Amino acid sequence: MGDGTPSEDARAEAVVSLTGVYKVYELGQPVPVLDDLSLTLAEGSYTAIMGPSGSGKSTLLNLIGCLDAPTAGIVEIDGRDVTTLSEDERATVRGEKIGFVFQTFNLLPRLSSLENVALPLVFRGVAREERRDRAAELLERVGLEDRMDHRPTELSGGQRQRVAVARALVNRPTIVLADEPTGSLDSETSGQILDLLDRVHAAGNTVLLVTHERTVAERAERIVHVLDGTVESVEELGGRRTASANDRWT
Ligand SMILES: Nc1ncnc2c1ncn2[C@@H]1O[C@H](COP(=O)(O)OP(=O)(O)OP(=O)(O)O)[C@@H](O)[C@H]1O
Ligand SMILES: [Mg+2]
């Protein structure tokens with residue numbers, strides 16, 4: 001595992017690498033979901049994943065996000081095999097490196113927007129004042145400066161989604177995983193979220209986005225098409241953007 005120093009050379013290194021990954025859920029009988037899937041994310045790359053419902057996209061994100069372990073195969077984050085780690089160790093990797101926007105948001109119902117966004121900072125021991133400032137700044141960026149004290153049930157679906165995006169970014173993660181982050185948003189709000197992800201990417205971070213919409217996927221540098229739990233094809237969209245590590249996004 002790195003010590004947080006950016007890599008010296010410009011060569012794109014793999015920050016995420018999956019090799020021959022299988023995931024089988026046991027529900028009385030085995031339910032195979034990922035089937036010999038291999039995928040590499042270069043440092044600073046922006047990848048979109050597309051594929052039919054049930055093809056294993058969220059399962060794949062859960063493995064990369066260190067929320068779950070594969071049945072077989074290797075998942076490496078920054079060159080470290082995370083499949084052999086304990087749950088606590090995986091949680092540490094997640095907290096240090098990964099920002100996750102869940103398909104179902106996973107906001108805590110009793111907490112305000114501000115508290116939900118600040119929560120990952122509590123686990124990292126950030127002081128209260130700074131937690132508030134950073135959470136408020138992120139909420140402003142997603143256009144929710146006037147909803148900081150609302151609880152999730154007092155927000156619209158799209159607003160909840162934006163809180164989830166703000167929470168995923170508050171730790172300044174180097175790897176951002178977003179599962180349908182624009183799924184239930186109008187086109188203007190979708191655009192704001194995608195602009196924010198563009199900036200996260202432009203700052204040198206690695207972004208992986210799941211979407212059903214082609215126009216959203218085209219914001220990425222390549223599209224990985226998943227079918228029946230494996231990579232069906234990879235579409236390179238051309239390196240239209242260049243990342244600069246100095247371009248801070250928050
Ligand atoms: N915890 C679980 N236990 C058993 N089966 C599961 C579990 N999680 C997912 N599955 C099954 O795995 C398959 C893939 O699910 P997954 O959520 O990864 O699909 P997805 O590609 O994200 O679909 P969608 O586009 O609808 O979000 C589905 O058939 C689902 O029923
Ligand atoms: Mg899904």
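Here are some numbered notes on this structure, which is a predicted model.

1. Overall build. The protein chain has seven helices and 10 strands. Its radius of gyration is 17 Å, and that agrees with the value near 18 Å that a compact globule of 250 residues would have. Buried residues account for 42% of the 250. As for how the chain folds back on itself, take the contacts with a separation of 6 or more: 69% of them join residues 24 or more positions apart.

2. The core. There are 61 residues in the largest nonpolar core, and the ones with the most contacts inside it are Val117, Val165, Ala166, Val176, Leu177 and Leu197. Helix α5 (residues 157-169) gives the most to this core, six residues in total. Setting aside neighbours within four places in sequence, Val165 is in contact with Val101, Val142, Pro181, Ile193 and Leu196.

3. Helix α6, the buried side. This helix (residues 187-202) has 16 residues and reaches 22 Å from its first C-alpha to its last, close to the 22 Å expected at 1.5 Å a residue. Which of its residues are buried? They are Ser190, Ile193, Leu194, Leu196, Leu197, Val200 and His201. Looking down the axis of α6, you find these buried residues within an arc of 150°, so they line one face of the helix. What do they pack against? The partners are β3 (46-50), α4 (128-141), α5, β7 (175-179), β8 (206-210) and α7 (214-217).

4. Helix α6, the other side and the end. Glu188 and Asp195 are exposed, and they sit on the face of α6 turned away from its buried side. Just after the helix comes Gly204, with a positive phi of about 100°.

5. The ligand shell. Ligand 1 has 13 residues around it, and those that come nearest are Tyr25, Ser53, Lys57, Ser58 and Thr59. Three elements each supply at least two residues of this shell: β1 (14-27), β2 (29-42) and α1 (57-64). Which element gives the most? That is α1, with three residues.

6. Most residues other than glycine have a negative phi. Cys66, however, is not a glycine and has a positive phi of about 60°. Cys66 follows α1, in the loop between that helix and β4 (72-77). Is Cys66 buried or exposed? Cys66 counts as buried because it has 24 C-beta neighbours inside 10 Å, and the cut-off for that label is 20 or more. Arg172 is the other case: not a glycine, yet with a positive phi of about 50°. Arg172 lies in the loop between α5 and β7. Arg172 is partly exposed, with 14 other C-beta atoms within 10 Å.

7. A buried loop residue. Phe102 is found in the loop between β6 (98-101) and α3 (113-123). With 21 other C-beta atoms within 10 Å, Phe102 is buried. Its contacts, leaving aside neighbours within four places in sequence, are Ala164 and Asp179. Phe102 and Ala178 are 76 residues apart along the chain, but their C-alpha atoms are separated by 6.5 Å.

8. Out at the surface. Ser233 is placed in strand β10 (residues 230-236). Ser233 is exposed, with 9 other C-beta atoms within 10 Å. How far is Ser233 from Glu89 in space? The two are 33 Å apart, C-alpha to C-alpha, and 144 residues apart in sequence.

Methods: Residues are numbered from 1 along each chain as its sequence is written. Chains are lettered from A and ligands numbered from 1 in the order in which they are written. This is a predicted model: local features need pLDDT of at least 70, side-chain atom pairs count only at pLDDT 80 or more; totals for chains, interfaces and linings use all residues. A nonpolar core is a set of buried Ala, Val, Leu, Ile, Met, Phe, Trp, Tyr and Cys residues joined through C-beta atoms within 7 Å. A residue is buried if 20 or more other C-beta atoms lie within 10 Å of its own, exposed if 12 or fewer, and partly exposed in between; C-beta atoms are placed from the backbone. Helices (H or I, at least four residues) and strands (E, at least two) are DSSP runs, numbered from the N terminus. Two residues are in contact if their C-beta atoms, placed from the backbone, lie within 7 Å. The radius of gyration is taken over C-alpha atoms; the globule rule is 2.2 Å times the number of residues to the power 0.38. The expected span of a helix is 1.5 Å times one less than its number of residues. The arc is that of the directions from the helix axis to the C-beta atoms. A residue is near a molecule or strand if its C-beta atom, placed from the backbone, lies within 6 Å of it.
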